[in-house]
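Try each task before you read its solution.

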Amino acid sequence: MSQGRGHFSRGFMTEEEKANQPKVTKALLTRIFSYLKPYSGRLLLVLACIGLSSFFTLLPSILTGKIIDEGLMKRDLGALIKYIALSLAVTLGANLIGVAENYVNTWIAQHITFDMRNQMYAHLQRMSQRFFTSNNQGDIITRMTSDIDGVQRVITSTFSSILSNSLTLVIAMIAMFQKNWLLALIGIVIVPLFTIPTRRAGHTRWKYANESQACNDEINGILNETLSVSGQLLSKLFGKEAYEYGRYVEANERMIRLNIRESLAGRWFRVVLSTFTSVGPMLIYLVGGILMIRHGASLTIGDITVLVALLGRMYMPVNSLLNIQVDWMRSMALFTRIFDYFDIPVEIENAPDAITPDRAEGNVTFDHVVFGYEPERTVLKDVSFELKAGHSIAIVGPSGSGKSTIINLIPRLYDVNAGSVSYDGVDVRRLDLGFLRAQVGVVSQETYLFNGSIRENLLYAKPDATEAEMEAALKKANIWEFVQNQPGGMDAMVGNRGLKLSGGEKQRLSIARVLLKDPTIFIFDEATSALDSISEQKIQEAIDPIIQSRTSILIAHRLSTILAADEILVVKDGQIVERGQHKDLVTRDGVYRELYETQFSKALLPQEDGVTELEQYIWAQQPADEPDDE
Ligand code: ATP
């Protein structure tokens, strides 16, 4: 919630807020109330506390009359001490009740936000990949943190302020009317009058504060832009130093002018405030005095003092209640924003009659799959293929052709628009999500490691993995040696998102993590970015045996990976345009041949012995074929 810049934003709406005022419907209020309902007992307690403390806070003002009339005027020391003691006790009582009220109120607010935060987190966890790719991460985190924190403020401050201020006003007014209706009426008229000029002055100051804040943001923007590594380089290379300096000075000058104006407006605000707050009591003294002196009214000096004191107590609540409308609107906007998030439907969830098979083999079938991330753009157009358990498929194709999209559909990160994806003959949409995702192990290009130790990253895949299992996985992933050489071994930290590791090391660690998970289908999205040849070789050595022993799908960019697969699918513009084995595909004048000549050309360069890497590979893989062919 934009609680704004300090005190002065409280009573005023920004243009944006005015334009986006939420609709306060019965449904919205009922929904908010549903969060309060579990705590209704405690809420009643808060209500009682607020009532009592409002009354107790006003009581000393009423007792002032007794102190004057009964104690001072009648020169009765006993009465004087009694009322002074009572006054002090009541003030102490009001404060103690205030503490209790604050405790219970904060307790309720904290528990409500606790409930909401957990509910929101669980809801976000169920959101699909589409939600996370199409929503700004910053927005999601703001909903989770500051918006939900805002709810706490609404409960501890907005709601209780409405209650306590209204009660204080009502009690003060009753007490005033009991003393003298005419003076009470004067009080009631004068208090709102005072608020008009103070609100105007407040608005002016708020406006300047806002403009100054915008100016400050602009200055920060300029600093961030021009003093960053790339920004200053750009300004140097384009000779823009003088221009940037001018921009900076101009924004600074504007800022100075605004700050001076804001400070002056603040001073005027205080002048207006103090003038108006002193007019009220003077009027009461004047009219009260005239009533006493000229008309012989039965008013005492104590009565007039009480009326003045009560009047002084009314300014704050009236002012707060005038601001409340904006606070209320902001609170409703806040709840609306949060509920809007709660209402985003869960796109991918377990079917009510989801199946959890007893056995998992690893057969994957794409049957005339059509899919698009956005409705207006189809990414996969009629994709059909079958991956038999124990076999491997390499998917190749130009960038953006839909390779990653194909694999995204297997663990149901997205659902197909038409056709079906099946696992062991069952449509993935009918399978239990937990079961399905346990079957699929993905080593993606963008390896994600948590900021923890190597061990913690491994245990994420299998919390009860033994040391021996972890060691075996690391060995298979060809990274055991590296881990052993780390200070702390498996307890070495990988750094934020694994930044302390090289790309190749991260990918091998990620392979080890997937091996620990032990999925039935191994998916490997090969990095397009260049790794050095030693890293590449180590990864190749790690995945080769995996491909041979497990059902695998490989998004391949290197010839050696492609050749390790049983079948190659060539994808172009979301369609499988060719399929088969390397030796056949390479002879056809198609997409594969083109890719082969452009992307895999490194493998075509003759090595020292005049033989290409490709030829070496083919010979190594098919020693028995040669004599037969001849
Ligand atoms: P590369 O080899 O570059 O990784 P790819 O063949 O794996 O490419 P995909 O990532 O499957 O290609 O993307 C296929 C198409 O879908 C591209 O045009 C891409 O812009 C689009 N696309 C991918 N992810 C999304 C997304 N989350 N939202 C919208 N469009 C997307």
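A pocket here is an open set of grid points where a 1.4 Å probe fits, with protein on both sides within 12 Å along at least five of seven lines. Keep in mind that this is a predicted model.

**Exercise 1.** Work out how much space lies in the largest pocket and by which residues it is lined.

*Solution.* 
- Start with the volume: the largest pocket holds about 2200 Å³ of space.

**Exercise 2.** Follow helix H6 and find where its kink is centred.

*Solution.* 
- H6 runs over residues 137-179, which makes 43 residues.
- From first C-alpha to last it reaches 61 Å, close to the expected 63 Å.
- Now for the kink: it bends H6 by about 40° and is centred on Val154.
- Back at the start of H6, a side-chain oxygen of Asn136 comes within 2.7 Å of the backbone nitrogen of Gly138.

**Exercise 3.** Find which residues are closest to the ligand.

*Solution.* 
- Of the 15 residues around the ligand, the closest are Arg377, Ser399, Gly400, Ser404 and Thr405.
- Arg377 puts a polar side-chain atom 2.6 Å from a ligand oxygen.
- Gly400 uses a backbone N or O atom, 2.8 Å from an oxygen atom of the ligand.
- Lys403 has a side-chain N or O atom 2.9 Å from a ligand oxygen.

Key
Residues are numbered from 1 along each chain as its sequence is written. This is a predicted model: local features need pLDDT of at least 70, side-chain atom pairs count only at pLDDT 80 or more; totals for chains, interfaces and linings use all residues. Side-chain values use heavy atoms; hydrogens and water are left out. Helices (H or I, at least four residues) and strands (E, at least two) are DSSP runs, numbered from the N terminus. The expected span of a helix is 1.5 Å times one less than its number of residues. The bend at a residue is the angle between axes fitted to the seven residues ending there and the seven starting there. A polar contact is a pair of N or O atoms within 3.5 Å; within protein, one must be able to donate a hydrogen and the other to accept it, and residues adjacent in sequence count only if both atoms are side-chain atoms. On a 1 Å grid over the protein atoms alone, a cavity is a set of points where a 1.4 Å probe fits but cannot get out, and a pocket is an open set with protein on both sides within 12 Å along at least five of seven lines; lining residues have an atom within 4 Å of a point. Grid points are joined across faces, edges and corners, and a volume is the space filled by probe spheres set on the points. A residue is near a molecule or strand if one of its heavy atoms lies within 4 Å of it.
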